[in-house]
Amino acid sequence: MTASPLLSRPGAVMVEGGSVAAHYGDPLREQRLLAEGAGLVDRGDRDVLTVPGADRLSWLHSITSQHLDRLADGSGSEALVLSPNGHVEHHLAIAELGGTTWADVEPGTGEALLAFLQKMRFMLRVEPAMVTADWAVLSLVGPEAAEVLAVAQLPVPDREYEVRALDAGFVRRMPPIGDGGATVFDLVVRRGEIDATVDRLAAPLAGVQAYEALRVEARLPRFGVDTDHRTIPNELPWLRTAVHLEKGCYRGQETVARVHNLGRPPRRLVLLHLDGVSEVLAEAGSPVLAGTREVGRVGSVVRHFELGVVALALVKRSVGADTALAVGDAVAAVDPDDLVEETDDTLAAARDRVRAVRSATIGR
């Protein structure tokens, strides 16, 4: 992946082994900017694909978890590609505009997705293509993001997943991050227009570390980071945003339907508070332990400007408020909002536990 031109901007520090800025000198200040104002995040490391062709929507409808065959022009969605056993293989953010379906996916996963799409074409009128070399994703984030777009005289989508055309590319409104107040607008623009778009928006730059911290707070998972080879949609918020439970047959549907009807997925996604004593954050995939017993895995681990060290984790359903947890050398506690049908007394005890864990991060 070619390095982003925004890495030449003042203070830019590149993601290790990546192509975009982790931050621009002050990650915690950049988090606050996204949470309280508006900032522009370079997410140009995401892969971008296009699918033109008369059969594109009915075809994508048949091979993904989402209801897409009547997706209206100027709208978007999320969708999953599942294995025959219902395990998540890809997560797509979709936009339908001007006779082409666009999909942006996790960095480095586009080639595998394209190979799958090519294999599933058969004789249909579809032409999937990888266009990452030509198109990039920028995310304008914050409660003042709509105002920034309006001042720049760019279209402002009113509702989630609405898509509006730019002179070249589009802007799509996505679900908010942070505590729910940080609106997200994804702008897909030509790579040669990245600098001009940033200058036109005139919003301060924030690195992907800031975006990630607010994403974790919102419990929004990332494929390949907060998921593993066993993950099924029922364990994640994607069951609401990327799966249509009443559509017809698609690969992996039997597992999704069976677990949904039983109401007992094997794991659930939770926000973990870690004591943050160690300066080194746990890596994605690190086990969550209850004593010597492994009860889950962590995915994204971040330092949040208000919450301290927090992580998204997939944990077994049996993990409750009174379960003493550890991740590496860190003591961990499940956020009380993520406990399942607990009594008031148990919730109070869980909040005390979180406060005790978070106290270890104060001033760090």
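My entries below cover salt bridges and then a few paired strands.

**Entry 1: the starting point.** I noted that this is a predicted model. I then looked up the salt bridges, and the structure holds 25 of them.

**Entry 2: aspartate 186 and arginine 43.** I picked this pair to begin with. Their side chains meet in a salt bridge, with 3.5 Å from N to O. I checked where each one sits: aspartate 186 is in strand 12 (residues 182-190), while arginine 43 is in the loop between strand 3 (39-42) and strand 4 (47-52), so the bridge ties together parts 143 residues apart in sequence. Are the two buried or exposed? I found that aspartate 186 and arginine 43 are both buried.

**Entry 3: arginine 46 and glutamate 106.** I found a salt bridge here too, the closest N and O atoms being 3.7 Å apart. Arginine 46 belongs to the loop between strand 3 and strand 4, and glutamate 106 to the loop between strand 7 (100-105) and helix 3 (110-119), so I was looking at a link between distant parts of the chain, 60 residues apart. I looked up accessibility next. Arginine 46 has 6% relative accessibility and therefore counts as buried. Glutamate 106 has 9%, so this residue counts as buried as well.

**Entry 4: aspartate 228 and arginine 297.** In this salt bridge I read 3.8 Å between the closest N and O atoms. Aspartate 228 lies in the loop between helix 6 (208-217) and helix 7 (238-241), and arginine 297 lies in strand 16 (residues 293-304), so parts 69 residues apart in sequence are tied together. I noted both partners as buried.

**Entry 5: a network.** I followed salt bridges that share partners and came to one network, whose members include Arg43, Arg46, Glu106, Arg172 and Asp186.

**Entry 6: strand 11.** I turned to strand 11 (residues 170-177) next. Six of its eight residues are buried, so the strand is largely enclosed by the rest of the structure. Which strands pair with strand 11? I found three bridges to strand 10 (residues 163-165), which runs antiparallel to strand 11. Arginine 172 is the bridge partner of valine 163. I also found six bridges from strand 11 to strand 12, again antiparallel. There, phenylalanine 170 stands opposite valine 188.

**Entry 7: the hairpins.** The hairpin of strand 10 and strand 11 has four residues between the strands, and I saw that glycine 169 takes a positive phi near 100°. The hairpin of strand 11 and strand 12 also has four residues between the strands, with glycine 178 at a positive phi near 70°.

Technical notes:
Residues numbered from 1 in each chain as written. Predicted model: local features only at pLDDT ≥ 70, side-chain atom pairs only at ≥ 80, totals over all residues. Heavy atoms only, no water. Salt bridge = Lys/Arg side-chain N within 4 Å of Asp/Glu carboxyl O. Helix = DSSP H or I, 4+ residues; strand = E, 2+ residues; numbered from the N terminus. Buried < 20%, exposed > 50% of the residue type's maximum accessible area, 1.4 Å probe, protein only. Pairing = 2+ DSSP bridges.
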